[in-house]
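Me: I would like to learn how to read a few features of a protein model, one at a time. Please give the general idea first and then the case at hand.

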Amino acid sequence: MNTMVIPAGIAEVEAEMIALRHSIHAHPELAYEEFATGDLVAERLREWGYSVHRGIGRTGVVGQLKVGNGARRLGLRADMDALPIHETTGLPYASKLAGKMHACGHDGHTAMLLAAAKHLAREKSFDGTLNLIFQPAEEGLAGAKKMLDDGLFEQFPCDAVFAMHNMPGFPTGKLGFMPGSFMASSDTVIVKVIGRGGHGAMPHKAVDPVVVCAQIVLAVQSIVSRNIAPLDMSIITVGAIHAGEAPNVIPETAEMRLSVRALRPEVRDHLQQRITEVATGQAAVFGARAEVDYQRRYPVLVNDAAMTALARQVALDWLGEDGLIRDMQPLTGSEDFAFLLERCAGSYLIIGNGDGEGGCMVHNPGYDFNDACLATGAAYWAKLAQTFLV
Ligand SMILES: [Zn+2]
Ligand SMILES: [Zn+2]
């Protein structure tokens, strides 16, 4: 990254914010436990002149800064939570807490937004209301939705919201934009198969739920290949099967846990219907019964076309084509920022974490946020705010 394009105000705070990132990294907090991280965010924001509001979405923090008389209102979101992973990086600032780790770079997202916050508060180079949203529990527990339920947009109305996530495998600091469906929905399905337990030597007197599970595993894959249009992305992963203890005992029940993804809401609905039909139908064939608990978790993340064009133009004017990721494709992961985009126009973008060093995938015990992205990400936030709030 050409350091010449980083505004002086961001360059000045870069070292401080990298140190802050390392401190957050060393003290990771899981979903809805972001108390120390929330303290740190709130203290800094207050110090820089933001009005600070806590307890929105339990541990969520919103910092608001009004400059001038502008009527426009912008929301920028960072996530603060860590993952239940045992870190193996061996870094000097590695997690001090066994089994907890910032393995998705939310430490970096928080530090990037704080760097922009400090810079923007000093320069006051915008006109309107800036809402900085530090959300808890992005990893699986829908902190964004909890903030909405607690009145996020009623208390802090926004004309647009944006979020940025680092992404290993893309060149360091390059920004990726894509209108429309950008990240998949994510649902969890618990299938309980109820058979009839018995002696392993007398299978004819039992109804074996393990055999039923095996059939369901294969049958649900045919939904992807035979029921969903080939150009519609869909994923069904059976991540867990639990049944039985002893080799000579046919268990009474078995449980399967599935992860289901789609890039269009209609496909998501179709998957739900077919998984339910296939699981219950397969069980019935064998004289067993299947109870399907289909849990809708994160919706498809849909980027607003106009807001994505605006966000991309800010990057283009600043960095040129070379600063952008070419041919951005949808991602099969999911994001609870999707809930915010259901309620407010906006866009979710990515920043490359590096394709060599920094290429270790998120949610891996060897992953680390790439500090070389921090100034670029922070400067981008500042430029977006200065462009939108005029
Ligand atoms: Zn993650
Ligand atoms: Zn993440």
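Me: Is A142 buried or exposed?

Reply: Buried means under 20% relative accessible area, exposed over 50%, and partly exposed in between, with a 1.4 Å probe and protein chains only. A142 has a relative accessible area of 16%, so A142 is buried. This is a predicted model in which local features need pLDDT of at least 70, side-chain atom pairs count only at pLDDT 80 or more, and totals for chains, interfaces and linings use all residues. Residues are numbered from 1 along each chain as its sequence is written, chains are lettered from A and ligands numbered from 1 in the order in which they are written, and side-chain values use heavy atoms, with hydrogens and water left out.

Me: Where does A142 lie?

Reply: Helices (H or I, at least four residues) and strands (E, at least two) are DSSP runs, numbered from the N terminus. A142 sits in the loop between β4 (128-135) and α4 (143-149).

Me: What is the phi of A142?

Reply: Most residues other than glycine have a negative phi. In A142 phi is near 55 degrees, a positive value in a residue other than glycine. R58 also has a phi near 55 degrees, again positive and in a residue other than glycine. R58 belongs to the loop between β1 (51-54) and β2 (61-67). With a relative accessible area of 52%, R58 is exposed, whereas A142 is buried.

Me: Which residues coordinate the zinc ion (ligand 2)?

Reply: Donors are N, O and S atoms within 2.8 Å of the metal (3.2 Å for Na, K and Ca); water is not among the atoms, so sites may look incomplete. For the zinc ion (ligand 2), the coordinating residues are C104 (SG), H106 (NE2) and H165 (NE2), at 2.1 to 2.3 Å. Along the chain these donors follow the spacing C-x1-H-x58-H.

Me: What does C104 bridge?

Reply: C104 bridges the zinc ion (ligand 2) and the zinc ion (ligand 1), and the two ions lie 3.1 Å apart.

Me: How much space lies in the largest pocket?

Reply: On a 1 Å grid over the protein atoms alone, a cavity is a set of points where a 1.4 Å probe fits but cannot get out; a pocket is an open set with protein on both sides within 12 Å along at least five of seven lines, and lining residues have an atom within 4 Å of a point. Grid points are joined across faces, edges and corners, and a volume is the space filled by probe spheres set on the points. Here the largest pocket holds about 510 Å³. It is lined by 24 residues, of which E139, R261, G333, S334 and H363 are the closest to its centre.

Me: Which strands supply the lining of the largest pocket?

Reply: At least two residues each come from β5, β8 (185-194), β12 (253-262) and β13 (289-298). β8 gives the most to this lining, with three residues.

Me: How do the residues of the lining divide?

Reply: Ala, Val, Leu, Ile, Met, Phe, Trp, Tyr, Cys and Pro count as nonpolar, Asp, Glu, Lys and Arg as charged, and the others, Gly among them, as polar. The lining has nine nonpolar, nine polar and six charged residues.

Me: Why does the largest pocket lie between domain 1 and domain 2?

Reply: Domain bounds come from an automatic or database domain assignment. Domain 1 (3-183 + 300-388) and domain 2 (185-298) both give residues to the lining of the largest pocket, so the pocket lies between them.

Me: What does UniProt list for residues 188-280?

Reply: UniProt positions are given in the numbering used here, feature names are shortened, and annotations may be inferred rather than shown by experiment. The unreviewed UniProt entry lists residues 188-280 as "domain: Peptidase M20 dimerisation". In the model this span is 38% helix and 33% strand, and its end C-alpha atoms lie 17 Å apart.

Me: Where does L389 lie?

Reply: L389 is in the segment after α10 (374-388). At a relative accessible area of 1%, L389 is buried. L389 and L74 are 315 residues apart in sequence, and 7.1 Å apart in space from C-alpha to C-alpha.
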